[in-house]
Amino acid sequence: MADAVDVLVLGGGPAALCIAAELNQCGVEVAGIAPQPVDAPWPNTYGVWAEELRSLGLEHLLEHRWHDTVSYFGAGGEADQDQTLAHGIDYGLFDRAALQQHWLDRAEGVRWHHDSAESVDVGSMQTSVTCASGAKLLARLVIDASGSRTHHVRRPDQGPVAGQAAYGVVGRFSCNPIEAGRFVLMDYRCDHLSPEQRLEPPTFLYAMDLGEGVFFVEETSLALAPGVPYDVLKQRLMQRLDKRGVEITELIHEEFCLFPMNLPLPDRSQPLLAFGGSASMVHPASGYMVGSLLRRGPGLARAISVALKKPELGSAALARCGWQSLWPPELVLRHQLYQFGLGRLMGFNESLLRTHFATFFSLPQEDWFGFLTNTLPLNRLMAVMLKLFALSPWPLRRGLVLGAPRNQLPTWAQSKG
Ligand SMILES: Cc1cc2nc3c(=O)[nH]c(=O)nc-3n(C[C@H](O)[C@H](O)[C@H](O)COP(=O)(O)OP(=O)(O)OC[C@H]3O[C@@H](n4cnc5c(N)ncnc54)[C@H](O)[C@@H]3O)c2cc1C
């Protein structure tokens with residue numbers, strides 16, 4: 001068995017690299033366990049509002065940046081005149097390799113074990129992790145950053161977990177699927193759907209011009225349990241393109257995306273700490289997390305490094321300090337408000353959802369931006385939610401307070417029970 005390190009991080013994705021890097025910067029002795037080399041390319045692309053990176057001094061990590069950022073919340077079709085809602089702020093896509101390298105540079109000296117964590121045994125002063133290879137590794141504190149599917153982290157069972165599902169295509173098209181140079185956050189126009197499809201849970205288009213004739217178009221379901229199946233999303237995307245007379249001429253990459261949006265918060269009394277998807281850090285209203293890792297990682301690392309200076313603290317006490325720093329009461333309450341809001345939105349039909357988002361984005365920019373990035377203090381967040389309520393037409397207010405009557409379940413959801 002190897003000598004114990006201060007902190008052992010499980011995972012090799014954004015969350016693992018972030019927390020390993022920030023702990024390393026605090027002078028903590030860190031090791032990691034990752035099934036793939038930590039410099040292997042990540043499968044997902046990550047989007048972020050450019051302002052989130054500007055405030056962190058990290059705008060150089062963007063590979064693409066759009067000034068023309070819009071959404072559509074009209075129904076579409078000829079009756080729908082001015083359909084474009086301009087967001088007025090820049091959106092970007094991370095240069096994945098640059099983001100990874102940013103954290104790897106800050107994690108220089110961290111020892112990565114090419115393995116997979118199978119079981120975690122917490123002792124009074126140290127925690128032991130048994131790997132698939134049979135190796136056992138010891139640390140004063142273990143941080144699970146192995147994603148939302150981890151089975152090492154305890155969390156309450158609050159029923160079915162809603163997933164954000166999306167099917168996307170990076171490719172070339174017979175004509176531009178969206179306007180050149182544009183980023184589309186949400187296109188909820190639905191004039192390409194049959195009346196029956198419009199009664200099913202709504203989906204929207206997320207799309208961007210990647211330059212040189214290449215576009216990314218993705219049909220997305222905000223959140224639903226069970227998640228909208230890929231074949232339904234694909235069919236809707238094809239119908240949408242077809243309606244606009246667009247054909248795919250070259251399919252460069254297909255993206256299949258499914259991740260939990262309302263995963264319950266972990267049990268914060270457990271002696272194992274978590275970070276990232278495993279710690280339910282995905283924003284329940286937007287599905288974003290990377291900006292939050294960059295904002296919350298350094299503070300958590302500082303809190304852990306201070307606690308580690310007390311030799312009398314064992315694994316459980318160190319984890320407790322970590323949980324208090326990662327999920328203080330203020331953030332827990334904000335998270336609960338977001339989860340409540342998402343629960344309401346999931347019951348909305350297509351026209352209520354379009355009305356909701358049109359109202360939401362009519363809020364002052366700092367309000368909707370702060371809401372979507374989880375950067376508003378609790379009192380401001382509550383004030384924004386009340387403002388949203390006051391601006392909402394009556395059917396929407398009723399839906400926000402009482403919940404909307406559910407649509408008839410689509411056939412694909414009925415077959416899954
Ligand atoms: C397709 C997709 C697109 C997304 N787009 C965005 C976006 O645009 N912007 C945004 O902010 N968020 C986005 N998200 C949400 C979120 O940011 C991502 O899910 C993010 O990858 C989560 O990071 P993570 O490090 O917590 O987990 P993961 O990225 O899932 O990484 C988990 C890591 O742990 C490793 N691992 C798994 N099991 C073990 C084990 N037993 N032992 C050791 N290691 C293990 C895995 O190999 C992997 O390296 C997206 C998610 C998906 C799925």
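Let's start with a pair of strands. Strand β4 is joined to strand β7, residues 91–94, by 4 bridges, and the two run antiparallel. Look at His-64 on screen. Its bridge partner in β7 is Leu-93. Keep in mind that this is a predicted model.

Now widen the view. β4 and β7 belong to an open sheet of 3 strands, in the order β3-β7-β4, with antiparallel pairing. Which strands sit at the edges? They are β3 (47–49) and β4 (62–66), and each pairs on one side only. On average, neighbouring strands here are turned by 30° against each other, ignoring direction.

A word of background. Strands of a sheet pair through backbone hydrogen bonds, and the pairing can be parallel or antiparallel.

On to another sheet. This one is open too, with 7 strands in the order β6-β5-β13-β14-β15-β12-β16, and its pairing is mixed. Its edge strands, each pairing on one side only, are β6 (84–86) and β16. Neighbouring strands are turned by 20° against each other on average, direction ignored.

Strand β5, residues 68–72, pairs with strand β13, residues 182–187, in the parallel sense. How many bridges do they share? The count is 5. Ser-71 stands opposite Met-186 in β13.

Next, domains. The assignment gives the protein chain domain 1 (5–44 + 96–158 + 266–327), domain 2 (162–260) and domain 3 (347–415). The C-alpha centres of domain 1 and domain 3 are 33 Å apart.

Last stop: two helices. Packed helices are described by the angle and the distance between their axes. Helix α9 covers residues 365–373, and helix α10 covers residues 378–391. Their axes come within 10 Å and cross at roughly 120°. The crossing of α9 past α10 is left-handed. From α9, the contact uses Asp-367, Gly-370 and Phe-371. From α10, it uses Arg-380, Leu-381, Val-384 and Lys-387. Those contact residues split into 3 nonpolar, 1 polar and 3 charged.

That's the tour. Over to you.

Key
Residues numbered from 1 in each chain as written. Predicted model: local features only at pLDDT ≥ 70, side-chain atom pairs only at ≥ 80, totals over all residues. Pairing = 2+ DSSP bridges. Axes fitted to C-alpha atoms, helices over the stretch in contact; angles between N-to-C directions. Domains from an automatic or database assignment. Left-handed = near helix turned anticlockwise from the far one by under 90°. Contact = placed C-beta atoms within 7 Å. Nonpolar A, V, L, I, M, F, W, Y, C, P; charged D, E, K, R; others polar.
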